[in-house]
Amino acid sequence: MLRILLSKDWIACRDEILNRIASDVANELPGRILMVPELISHDTERRLCKVAGDTVSRFAEVLSFPRLASRVADMAGNSAVQCLDNGGRIVTMAAATRQLHSRLKVYASVETKPEFLTGMIDAVDEFKRCCISSADLMKAAEETEGSLAQKLQELALILESYDALCAQSKRDPRDQATAMLEQMEAGSFAQEHTFYIDGFPDFTRQHLAILLHLIQVSPKVVVSLNCDVPDSNAMAFEKAGATAAELIRCAKKLGI
């Protein structure tokens with residue numbers, strides 16, 4: 001089930017969510033999870049304790065998406081999986097491009113340069129946030145002509161090689177959300193928890209995919225957004241308004 005709360009006052013949004021969780025805690029309803037951005041998680045925990053009382057930890061917890069991934073992995077028995085740090089990602093990308101040395105043309109002259117490797121890591125971040133795979137890039141290359149097609153093809157090869165190396169050692173940190181979704185789909189974590197989501201103006205495609213899973217299987221998902229109406233034309237609420245409209249469209253498509 002999905003419920004969307006909209007308000008032009010972000011403090012009213014936050015307080016409404018906290019009060020709803022406090023009501024659940026007062027009724028001793030377990031399995032409540034409040035999802036917020038990492039930067040405000042500590043402050044939100046403090047506010048929730050103030051509103052819901054000393055027993056709140058027995059029934060509710062505040063998580064960011066990375067912390068939720070850890071919780072789901074713990075329940076799935078995969079908590080030992082380690083992720084690459086920034087240096088490890090650069091080294092892995094260098095190894096990936098080195099393997100493709102004989103197949104690269106457009107990027108042949110820069111494949112070992114630090115600036116190129118750093119740029120490729122930035123590209124990997126964007127691809128994974130948007131759920132773009134090496135197969136998607138290769139398909140785009142086939143539908144394009146000229147130098148752009150060659151660039152897309154080589155990007156696809158590099159991403160494929162990079163992912164293969166990560167699969168043999170440590171996971172890329174941007175794959176945590178995708179792994180979490182797979183673990184959720186295979187288990188019962190979402191079914192056993194009620195989710196409140198606050199403080200996000202929008203979501204990456206990875207996080208949106210997780211939300212769509214939650215609204216299909218969780219008993220209740222409440223999303224709070226700081227805007228006046230879905231698809232708002234007001235500049236201050238444009239991003240959150242677009243998010244509200246997208247969630248509504250997805251829910252309708254799923255029959256929710």
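Visitor: At what angle do helix 3 and helix 8 pack, and how far apart are their axes?

Guide: In this predicted model, helix 3, made of residues 65-76, packs against helix 8, residues 176-186, at an angle of about 40°, and their axes are 9 Å apart.

Visitor: Why are helix 3 and helix 8 called oblique to each other?

Guide: Angles under 35 degrees would count as roughly parallel, and roughly perpendicular begins at 65; the angle here is about 40°, and helix 3 and helix 8 are therefore oblique to each other. As for handedness, helix 3 passes helix 8 in a left-handed crossing.

Visitor: Which residues meet where helix 3 contacts helix 8, and how many are nonpolar, polar or charged?

Guide: From helix 3 come Phe65, Leu68, Ala69, Val72, Ala73 and Ala76, and these meet Gln176, Met180, Gln183 and Met184 of helix 8. Sorted by class, that contact has eight nonpolar residues, two polar ones and no charged ones.

Visitor: What makes the disulfide count come to zero, and why is Cys83 without a bond?

Guide: A disulfide needs two cysteine sulfur atoms within 2.5 Å, and by this rule the count is zero. For Cys83, the closest cysteine sulfur belongs to Cys166 and lies 9.4 Å away, which is too far for a bond. Likewise, the sulfur of Cys130 is 7.7 Å from its closest cysteine sulfur, that of Cys131, again too far for a bond.

Visitor: Why does Cys83 count as partly exposed?

Guide: Buried would require under 20% and exposed over 50%, so Cys83, at 27% relative accessibility, counts as partly exposed. Cys130, at 30% relative accessibility, also counts as partly exposed.

Terms used
Residues numbered from 1 in each chain as written. Predicted model: local features only at pLDDT ≥ 70, side-chain atom pairs only at ≥ 80, totals over all residues. Heavy atoms only, no water. Buried < 20%, exposed > 50% of the residue type's maximum accessible area, 1.4 Å probe, protein only. Axes fitted to C-alpha atoms, helices over the stretch in contact; angles between N-to-C directions. Helix = DSSP H or I, 4+ residues; strand = E, 2+ residues; numbered from the N terminus. Parallel < 35°, antiparallel > 145°, perpendicular 65-115°, else oblique. Left-handed = near helix turned anticlockwise from the far one by under 90°. Contact = heavy atoms within 4.5 Å. Nonpolar A, V, L, I, M, F, W, Y, C, P; charged D, E, K, R; others polar.
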